[in-house]
Amino acid sequence: MKLYETLAADIASQIAQGVIREGEKIPSVRQTSQHHNLSVSTVIRAFLLLESQGVIESRPQSGYFVRRKPALQASAAADTAAPNGPADMARGETLDTSEFVLTTLRSINQGSVPLGSPYPDPASFPWARLNQYANSLARRAGQMGMTADLPPGNPELIRQIARRHLENGLPVDAGEIIITTGATEALNLCLQAVAPPGSVIAVESPTYYALLQAIERMRMQVVEIPTDPVAGIDLEALERAIVERGVAACMVMPNFQNPQGYQMSDERKRAMVEMLARHDVPVIENDVYHELYYGDVHPTSLKNYDTRGLVLHCNSFSKTLSPANRIGWALPGRYRAEVEKLKFLNTLNTPALPQLAIAEYLKNDGYDYHLRKVRKAYAQNASIMATAVRRFFPPGTYVSTPVGGYLLWVNLPDGIQALELYARAQERGISVGAGNIFATGDAFQHCIRLNYSYPWTAEVEAAVRTLGLLAGELANCAPRQKANL
């Protein structure tokens, strides 16, 4: 078996034998890495496996502990994770992104400082007003027909979305809009519509990890295109990949990209759409941060420059209005009929009540007023967070300069492993997004992503200061770490 499975089996066996008892703390990631002469990523992978099997649990600011009554799970881990031989022991391991993200989110739910969260501060959303609409509509739910929530979606919500696009400078045909269960479903449906299994899909590097997961899940191949943290994706490299690799489609985030935060210029957006049109290659545009700009001018989308229906625009209200309702939409261009069919086949519908509640809010309440408040808060927090990172982190640390969204990309000095910083931070009740999950290789293992959507409190400042101190410690012992890894 793989190296991390061997380690997991050893720990599970010790627990089953009573060497480590129920409720006891197990050695930290750092200690385990040193004692077993393993990389931090391998240890984290083993801990994630044990946690998913219910053998151990993570406690913020405390570390990992043996769960109560874990005997069955421990036996299962020991039975299924025995090594095959020395050749397998020598293999390098790949971090399981899904387990990594789930562990991070669980730690946030248990009270960790949410610097690693991919979601905005829930306190910024108008929950009370949306709930009022939902409750009022629920009392009249009996009046809704059985087919009220079938694709393409609620007509009033579609009308409000089309109107919103028009106000933002993008006239769209309301008949093109398909309501989805969040932007993630929109992205998945569009990917299914444009390419069969085995196709080559081009993405930015680094990119949002959910895109990599979607491509892998659909048994497609990914080609990662170098991406500048200011200008965006390298268009020349993208065109070479189209010609040389036979790229079937692209997936990009031109506005306030996750994780780097850049915004492509209008000129580059236009050039990208024109280049893809020459090759007849569709592009799936993830534009979920579109409304979270800091300046006075609303950004354009790739869809603004599309004349051939090759841009499949995906968006949602999850980052601006209500993540709980999971309402997104797609403007799939020439692929509209296929996306609507796939929506019906995959999930049948999107629940009608959340659609209606958001439609009522857009029609009757001050969405623009709400957005102005959110943008102002995020812009202030971006400046404060960047200043704090420059102040507390070791020399050689570089940070992005976001002009929208709520995510800060941090390049750590050479020799600092993001996964080890992640592990040490987890032990102190602080979550971070390790750069390893934003690419298939190890190009960003020295980077982290920080969420600054939450109010700047003493707790958040202390967490950033602690991260800086931990990064400094890792920088000082980097040569020894490299030798161990």
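1. Helices and strands here are DSSP runs, counted from the N terminus: a helix is H or I over at least four residues, a strand is E over at least two. In those terms, Pro 206 sits in the loop between strand S4 (200-205) and H10. The bond that joins Ser 205 and Pro 206 is a cis peptide bond, with omega about 5 degrees. Please keep in mind that this is a predicted model.

2. There is another cis peptide bond to check. It runs from Pro 151 to Pro 152, and omega is near 10 degrees. Pro 152 is placed in the loop between helix H7 (127-139) and H8.

3. Next, backbone phi. Asp 280 is not a glycine, yet its phi is positive, about 60 degrees. The residue belongs to the loop between helix H12 (266-279) and strand S8 (283-286). Is Asp 280 buried, partly exposed or exposed? Asp 280 counts as partly exposed because its relative accessibility is 39%, and partly exposed is the class between under 20% (buried) and over 50% (exposed).

4. Leu 348 also needs a look. Its phi is positive, about 70 degrees, although Leu 348 is not a glycine. The loop that holds Leu 348 runs between helix H13 (336-347) and helix H14 (352-364). With a relative accessible area of 39%, Leu 348 is partly exposed.

5. Together with Phe 344 and Leu 345, Leu 348 makes a nonpolar surface patch of about 300 Å². Patch members need over 30% relative accessible area. Leu 348, at 39%, therefore clears that cut-off.

6. Now the second largest pocket. Its volume is about 550 Å³. Which residues lie nearest the centre of the second largest pocket? They are Tyr 119, Thr 184, Tyr 208, Ala 210 and Arg 326, out of a lining of 27 residues.

7. Several helices build the lining of the second largest pocket. Helix H6 (97-109), helix H9 (182-194) and helix H10 (209-217) each supply at least two residues. H10 gives the largest share, six residues. By class, the lining of this pocket holds 16 nonpolar, eight polar and three charged residues.

8. How many cavities of 30 Å³ or more does a search of the whole structure find? The search finds four. The largest cavity holds about 180 Å³ of space.

9. The largest cavity is lined by 20 residues. Nearest its centre lie His 165, Asn 168, His 290, Glu 291 and Asn 315. Helix H8 (155-167) and strand S9 (311-316) are the elements that give two or more residues to the lining of the largest cavity. The lining residues of the largest cavity divide into 12 polar, six nonpolar and two charged.

10. Last, a point on Lys 376. Lys 376 is part of helix H15 (residues 367-392). Which class does its accessibility give? Lys 376 counts as exposed because its relative accessibility is 56%, and the class starts at over 50%. The C-alpha atoms of Lys 376 and Asp 10 are separated by 51 Å, and the two residues are 366 residues apart along the chain.

Technical notes:
Residues are numbered from 1 along each chain as its sequence is written. This is a predicted model: local features need pLDDT of at least 70, side-chain atom pairs count only at pLDDT 80 or more; totals for chains, interfaces and linings use all residues. Side-chain values use heavy atoms; hydrogens and water are left out. Patches are made of residues with over 30% relative accessible area and no salt bridge: like charges are joined within 9 Å, nonpolar side chains (Val, Leu, Ile, Met, Phe, Trp, Tyr) within 5 Å. Accessible areas come from the Shrake-Rupley method with a 1.4 Å probe; for residues, only the protein chains shown count as cover. A salt bridge is a side-chain nitrogen of Lys or Arg within 4 Å of a carboxyl oxygen of Asp or Glu. Buried means under 20% relative accessible area, exposed over 50%, partly exposed in between (1.4 Å probe, protein chains only). On a 1 Å grid over the protein atoms alone, a cavity is a set of points where a 1.4 Å probe fits but cannot get out, and a pocket is an open set with protein on both sides within 12 Å along at least five of seven lines; lining residues have an atom within 4 Å of a point. Grid points are joined across faces, edges and corners, and a volume is the space filled by probe spheres set on the points. Ala, Val, Leu, Ile, Met, Phe, Trp, Tyr, Cys and Pro count as nonpolar, Asp, Glu, Lys and Arg as charged, and the others, Gly among them, as polar.
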